[in-house]
Amino acid sequence: MTRIVSDYIWPLEKVGRTGHIHSMFSRSFNIQVDQQLIHVSSYPNYLSGFGLHIEVDELQEILSKIAIGNLVKIQSDQLVFYTVAGTYHLSLKNLAVQSLSLPKLSLSLDQIDALLFQMEDYTLTGKMGLAFTPQVQAECQMLVETKTLTAAEISRMLHFFIGRGSGLTPSGDDLLLAYLVTLMALSQQRGTMLKEALKKMPLNTTDVSRAYLNAACFGVVSSPIQQFFESLQTFVSLTEIKKAYERILQIGHTSGKDMGYGIYLALKYYQSKEKE
Amino acid sequence: MLKTAVLKNNYQDSISLMLLTNAINELEGVTLSQIMMGTNANKEILANTNLLTEEAKKASPNDLMIVVDSEEEKTMEKVLEEVETFLADLSTKEKTEQQAAKSWDEALEHLPEANVALFSIPGEYGASEMEKALEKGLHVFSFTDNIALDDEVRLKKMAHQKGLLMMGPDCGTGILSSVPLAFTNAVRPGNIGIVGASGTGIQEVTTIIDRLGGGVTHAIGTGGRDLSEAVGAITMKDALAALNQHEETDVICVISKPPAKRVRDEVMELLQSLQKPAVAIFLGEKPTAHEGNVYLAYTLEEAAKLAVDLANNGKVNKTYFEPFSTQEQDTLMEEKVVKGLYSGGTLATEAAMLISETLNLGGLVKEDGFVLKSQGYEVIDLGADKYTQGKPHPMIDPSTRIKMFKECAEDEMTGVILFDVVLGYGAHEDMAGALLPTIKELLNKASAKNRSLHFVATVVGTNQDPQGYEQTVKKLQDAGVWLESSNAKAVQRALALKGKSLVKQEEKAMVPYQGDLVEIPQISNQLKELLQTKPQVVNIGLSSFNEAILEYGGASEQFDWRPKAGGNQKMIKLLDALDRYEEQIDQENQKVVQKIKEAQPFLTDVVPAKSVIPELNSATKTLLHAGPPLAFSEMTGPMQGSCIGAILFEEWAESEQEALALLESDAIRFIPCHHVHAVGPMGGITSGNMPVAVVENRLDGTNAYCTLNEGIGKVLRFGAYSKEVVDRLIWMRDVLGPTLSQALQQLDSGINLNVLIARSITMGDEFHQRNIAASLNFLKEITPAIIQLKISEGRKYEVTKFLADTDQFFLNIMMAAGKAIVDSARKGGKGTVVTTMTRNGVDFGIRIAETGDQWFTAPVNTPKGLYFTGFTEEDGNPDIGDSAITETVGVGAMAMIAAPGVTRFVGAGGFQDALAISNEMASICVGHNPAFSIPTWDFQGTCLGIDIRKVVETGITPLINTGIAHKKAGVGQVGAGTVRAPLACFEKALAAYAKTLGIDSE
């Protein structure tokens, strides 16, 4: 990967002219510009839907200078970081702009069956961040089995999942996000309903998770999820699909598993709905 | 009852002392105290509080005065313990922080990349030190105030010409490349650049910018008078030009107290000509429109908001005025008033301006700290001189505000007490916490009386400040204080509590600028570098300023500054004037010390004094004496005793009474030894038939003479004149002198004293108080020659035994050698090196190379040291003798480190003390003499060439090792110790020297 930016936030100036360092991690940091985050990272195989990928050395140099709250000026050709150690200029020239939009999926029942058969091997419920309590179990069951959800039920369900669990992206959010984008990719009406409901409600969760959910509502996901859906779109081999799925499962400490389970639930819902 | 203690040569910075005074005032039994340096200004402060005692009057500016008013006798003991602990803590802390430099040269050696000098020293010394900093190419940040306007103008012009920035004087706040300097908040770095002629104005604007999410990388303080007619905004213009070129600065903000009209217009022209948008607030002006490139603000808050909006998106609101609701509150009665008690001067001015405008109170005043005083409404700047003379600033010390809170609350008419809490580096560690107990107490009292009393505050700070903004705000709010996010809003709140609204600030139009544009001045590389790199600071004054500099990535070097010349303004002026001749003087001094280094003293003979000193061979009965000239009647006891002994020895009288009568009849002529190439120990009394050692300096053939050492016990030099004393003198005349003379003639060229001295110094002698090695080395040289003489064995034995028993025998030879060395160096000498130091028991006299034979005298001190059993300092005679010639040539106490054992004997401590003494002495000398290398000093040579400039500048006077004579004639030696040369003779010499260059000390 060279220097890449998600088209969701490009050009950066459209997001705003100044921002602040929102959060810092060992290999990435977030810039907050108004309500939008820009995730700057150097992960070799990961680009957030609202992400900017730069070289490792560059990132480490910036991380060594910045502090949370530092001002960042956004210009068409550069980001200027105002830090106690001095100003740092990050050039935005020669960036590759990448679309992280969800592909449209059209899967047959056989394909779904085959997929779900493979996924069940992973026994994710014991590995997720979200403790699989009877209540969670019941909610998950509803996501799969209830064919029609009222607006009130959707709202209650969203409130149940959003912000539930710990971590930078709470487990409930991860599960919900994956469930949502899978339904959206499969052009399910439930996906649209969930998206519209999410857009209207205050998302009582972390800023980072909110940014992922907001991007998801616009059909934008992180690169591993996009790649997984692309593998489904072509459906060349189950081995490739499994590999892409496993890359999702590896995200974060438990986030990947929560998302993997969300995808599984959405596919289960789709399967049962299609079987009718 | 007033008690005084004066700690000599104990300089401490004024803020530390103010805090110490506060702590002492809290001690039980202390009615009032004041601890200050002994400057004239401080003495006036003591006088104003009736604390100026006689002892305090005598203190020098380098002395620490402690005056305590107490009814209890023992209070002073407690106070001194407390002071000692406080100062010890301070010195430990300072030492662990870093080893401070003692001079400009040392500071710049430690921090060669230094580019800023930060001053927080008393104003009276400020201008000359700042000039030095500018000369050395450093930008100046002067927290120091009380600099004369003329000096400010001169320094700023000088800085401008050199491409440097002169921030201040009286610049309380500054941020350079995100490094907070002096009393400053920790502000998020960003794309707004500020130039302000107002300390708290900068603090209010920068902290609001920070809390709004904006950032400031540079906030350059100019000092409050920069926009005056006289100064003409020299600093502001340079700073604006620099920020205009600073790539990362997008918006420039100017803050000024009411400026001179012409200067304001010039600044406006420059702002309009900048390539970046500018925000300006000229306090007191109420702009109705933004003009051209410049967005004009009425309040500090508005200035901050304009700057943030411009920095974020280049657009501004038409107004930032937010009206307060006055409906929901129980409004105070009409007659209730608002009292503002501010620690920030500009905040006080802003509050007064807003209140006066709203209530039509007739504008601002400037009297005794009042900024507003009308119809019961008052706004007071507690940082004004009236409240800060002898007390710390109210940002550091809550006591004045607590007192004023109480006074205001006592007044039934007070409805609102309005105040600020300024956070940041340098400010009190928890001002809110310190004020709260009083606020709660006063609110409770008011509530108990069913009376409405409100406290309204604004906190100037950021969350990055050491005290924490949110933490402070919460603390105040929890206690029932109305808290607002800006000073303007706090005023609004105070007025709203009275049911009044601020006069509405109308929407501002954008109008084109009609005036002239100017060319933006070019900026120097130094100024560019200042804004592009972290400042490297020489911190002269408060060491606490280093903390923030280091924490924010700057570098700092503490310069442990002390007032030059003990704060003597006349001397400071002379020294400063002489600085301009530094190279010339240094060259002249080098010539003098070169002669000292190249001296070749040889002991060539021992002869009757009259044979080599014609004055002792005249018809007029003549005696030589030690020290500068004086008459018999002026002599102290031991010298008079010596005179009697000499007369009895010369048989000019048969009894003590006859001798005394002769002396009192003025029949005896007295000449200082030094006037006839001679020197004499203690009384120095020398008569014609006394044998003298002849030392020839073979560098140029100069001869010098000194009587022979008589041993210890009852001896003439200490004023004894009994028969045994006279008999010994006769033996010395008849036996010792001729024997030594004959023995010396046996040697080819006498005794090479350089060799003997060099060898003996490595054996632990310093040649004034300890000569045992040199005496033995002398014995080693002379004995073979004595043995060869054709004289009786008995006589050989007598002489050898006397020499072997007389540990100090070499002292007198060393003195003659010293005299031969300096008399050679004096010939044609120029410059400021001391060529003679001597004492006559009344006066200490020195000579310097430039002025030849001229004496500069001052009353001698009495030695301090160890006394023989049965004697005390009371018995000691004031300092006496020519033996200080040893120190003049760099041995004696100057070489204390060569003979650490002596320090115990003279009561001056151990090895470390000896080392400290020699190091201190080296600091007033031109260099070191490689001819006499001292092993215990890492083989450095002895001190070489005492420079009166250094003595006067540092206040360090030469230390002299000395025997102590009893003050009464005839008693003799009673102890040994050390004594300091008095500073006054060096000051007189300096004035005389300056005069030779046409510099008048008046």
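**Reading the interface**

Modeller: K73(A) and D250(B) form a salt bridge, with the closest N and O atoms 2.4 Å apart. The term means a side-chain nitrogen of Lys or Arg within 4 Å of a carboxyl oxygen of Asp or Glu. The count between chain B and chain A is 1 salt bridge. This is a predicted model, in which local features need pLDDT of at least 70, side-chain atom pairs count only at pLDDT 80 or more, and totals for chains, interfaces and linings use all residues. Residues are numbered from 1 along each chain as its sequence is written, chains are lettered from A and ligands numbered from 1 in the order in which they are written, and side-chain values use heavy atoms, with hydrogens and water left out.

Biologist: How many residues of chain B are in contact with chain A?

Modeller: Contact means heavy atoms within 4.5 Å. On that rule, 20 residues of chain B are in contact with 14 residues of chain A.

Biologist: What is the area buried between chain B and chain A?

Modeller: The size of an interface is often given as the accessible area lost when the parts come together. Buried area is that loss, found with a 1.4 Å probe and summed over both parts. Between chain B and chain A it is about 1200 Å², and carbon and sulfur atoms give 52% of this. P189(B), E248(B) and N312(B) supply 39% of the area that chain B buries against chain A, more than any other three residues.

Methods:
Buried area = accessible area lost by both parts, 1.4 Å probe.
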